[in-house]
Amino acid sequence: MTDAKRPLPDAEEADTRAFWQATKAHRLSYQQCRQCNTVVFYPRAHCTGCTNGELEWKDSAGSGTVYTYSVVRQSYHPFFRGLAPYIVAWIDLDEGPRLVSNLIGVDTPDLSLIGRRVTVVWEDHETLAVPLFALA
Amino acid sequence: MATQARDAAIVGIHEFPSRDVEGRQSALQIKAASAARALEDAGLNWSDVDAVYDAGEGGGMAGLNIAEYFGLKPRVIDTTGVGGSSYEYHAAHAKRDIAAGKARVALLTYGSTAHSAVQRIGVGGRAGGGHPADNMDVFAGLTLVANYALVAHRHMHQYGTTSAQLAEIPVATRYHAMRNPEAVKAMQDLDFLDIRETTVDDVLRSRMIADPLHLLECCMISDGGGAVVIASPEVARDCRQPPVWILGAGEATKYPETGGDVTVSAAAQSGPDAFGEAGVSPGEVDIAMIYDSFSITVLTILEDLGFCPKGEGGRWVEGGRLKFDNRDGPALNTDGGGLSSNHPGMRGIFLLIEAARQLRGQSCSQVHGARLAVAHGNGGMLGTRHCAGTIVLGRD
């Protein structure tokens, strides 16, 4: 149980490879179209706002707001079973993208977590780093 | 009502009775057994079927595999696979295909051994890779229950909804389940503890699985399946059972977007399309067969379909409004629902089956004089990405 590992993304997946590459340098990145300004997230090779889009990678400052969350008390995955209870949250980054992550270091989870300000905390792994969040 | 198109009707139904086949039957066998009983219910035979609708859960190449297994040579093969909402899509497409003259008798089937398979192989964690969206959140441990809990928390935050209000939904479905012998047997076979009608307090006292959702707000995992036969008016006229007409249909998707509102499901798009085509309003509906994977799924969808204004669902469901013998609102999931009767993973076909029973006058929790029903399937995950299919049904 204790040596169960956090499941990690496939660092070579075609659409999200560049995002995960950037995490090695603790850069939290997203795409925006130079033509139509659409923010694209999760990452893709095409713009969803226009058909001749040109996506540019930008870095988030790593600050955001808790949009919603749950305290998970039961999981069948060995790693998360050992971690429970843990918090899964949807974070609205200040730049727009909304991402799923864990809120760490929260002692007393309650409804007031929605709307709270958070900042990214990187958890380093061999091939990439995982963006977790802590209350600001 | 006079302008409603009545060009396809449900004429045969069957719900596979067992929720625990103990690993001795396959999904394909459940599909075939259910198909035979549904055709018999209609007074039809295999040879009458000229269109098959298959979500592919039986394995192999969807459509082809079951055509051969059933021994059919269909002219229309539809393999729309959108999880638990697949069967509402199949019903919509069958109506369209029959109205277009491409088919006369459509066969929809479902089979699953979700419960037996879990017992044999155990439940694994979510795997990474595959779809790029999954590759973005695989590290966070977002369980299925937590996915729906994200919606519930936001709903509470935005509208003041309470756990006691959400609990009204499993209380109503259990009330109906206790009147349905197959649902009671299902709960016994799946080792439910203390099988009885429940109260709001019972739900709130059950253990928390993923805040704010308690155990009794979560659906069961069963084996099971079923079949539905849909036919043209000419065929329906000679069938054994009174026709249950497909009056309207709507389809929609929902996925995360920048600034999106997670409390609004795809039903907000599919519902108005379906009610508009049927020419009826939610207030006229007697029976609401809503995909009850979790309490919050139903609350959100009731609002999105227009049974009450957005955000007011919590107050609206209070006081047992959704029970079959309360005429202030529609009767919810009168078979007992996925919460207390049958949830083998893709429950959408049972929504059509129980709606048809009600409009025939054959439910265990029969609403006297029921004339209109809605079946709303939600496929995928309410909190992240899902498909919705809405079907409005009416009797002669």
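Rings of Phe, Tyr and Trp (its six-membered ring) are taken to pair if their centres lie within 6.5 Å, with planes under 30 degrees apart counted as stacked, those over 60 as edge-to-face and the rest as tilted. Under this criterion, A:Phe19, A:Trp20, A:Phe41 and B:Phe139 form one aromatic cluster. The model is a predicted one, in which local features need pLDDT of at least 70 and side-chain atom pairs count only at pLDDT 80 or more, whereas totals for chains, interfaces and linings use all residues. Residues are numbered from 1 along each chain as its sequence is written, chains are lettered from A and ligands numbered from 1 in the order in which they are written, and side-chain values use heavy atoms, with hydrogens and water left out.

Since helices (H or I, at least four residues) and strands (E, at least two) are DSSP runs numbered from the N terminus, B:Tyr148 is placed in helix α6 (residues 144–159) of chain B and B:Phe294 in the loop between β9 and α12 (295–305) of chain B, so the pair ties together parts that are 146 residues apart in sequence. Both partners are buried, B:Tyr148 at 3% relative accessibility and B:Phe294 at 2%.

Charged side chains were also examined against rings, a charge being placed over a ring if NZ of Lys or CZ of Arg is within 6 Å of the ring centre and within 35 degrees of the ring normal. A:Arg98 lies over the face of A:Trp90, at 5.6 Å from the ring centre, and the charged end of B:Lys323 sits over the ring of B:Tyr175, 4.5 Å from its centre.

With a salt bridge defined as a side-chain nitrogen of Lys or Arg within 4 Å of a carboxyl oxygen of Asp or Glu, 27 salt bridges are found over all chains. One of these joins A:Asp59 to A:Arg27, with the closest N and O atoms 3.0 Å apart. A:Asp59 belongs to strand β3 (residues 55–60) of chain A and A:Arg27 to the loop between α1 (17–23) and β1 (28–33) of chain A, so the contact ties together parts that are 32 residues apart in sequence. Both residues are partly exposed, A:Asp59 at 40% relative accessibility and A:Arg27 at 37%. In chain B, B:Asp286 forms a salt bridge with B:Arg327, the closest N and O atoms being 3.9 Å apart; B:Asp286 is buried at 16%, whereas B:Arg327 is exposed at 51%. A network of salt bridges links B:Glu15, B:Arg19, B:Glu354 and B:Arg357.

Helix α15 (residues 348–360) of chain B has 13 residues and should span 18 Å at 1.5 Å a residue, in agreement with the 19 Å between its end C-alpha atoms; the expected span is 1.5 Å times one less than the number of residues. In α15(B), 13 of the 13 residues are buried, so the helix is largely enclosed by the rest of the structure. Just after α15(B), B:Gly361 adopts a positive phi of about 85°.

Conventions
Buried < 20%, exposed > 50% of the residue type's maximum accessible area, 1.4 Å probe, protein only.
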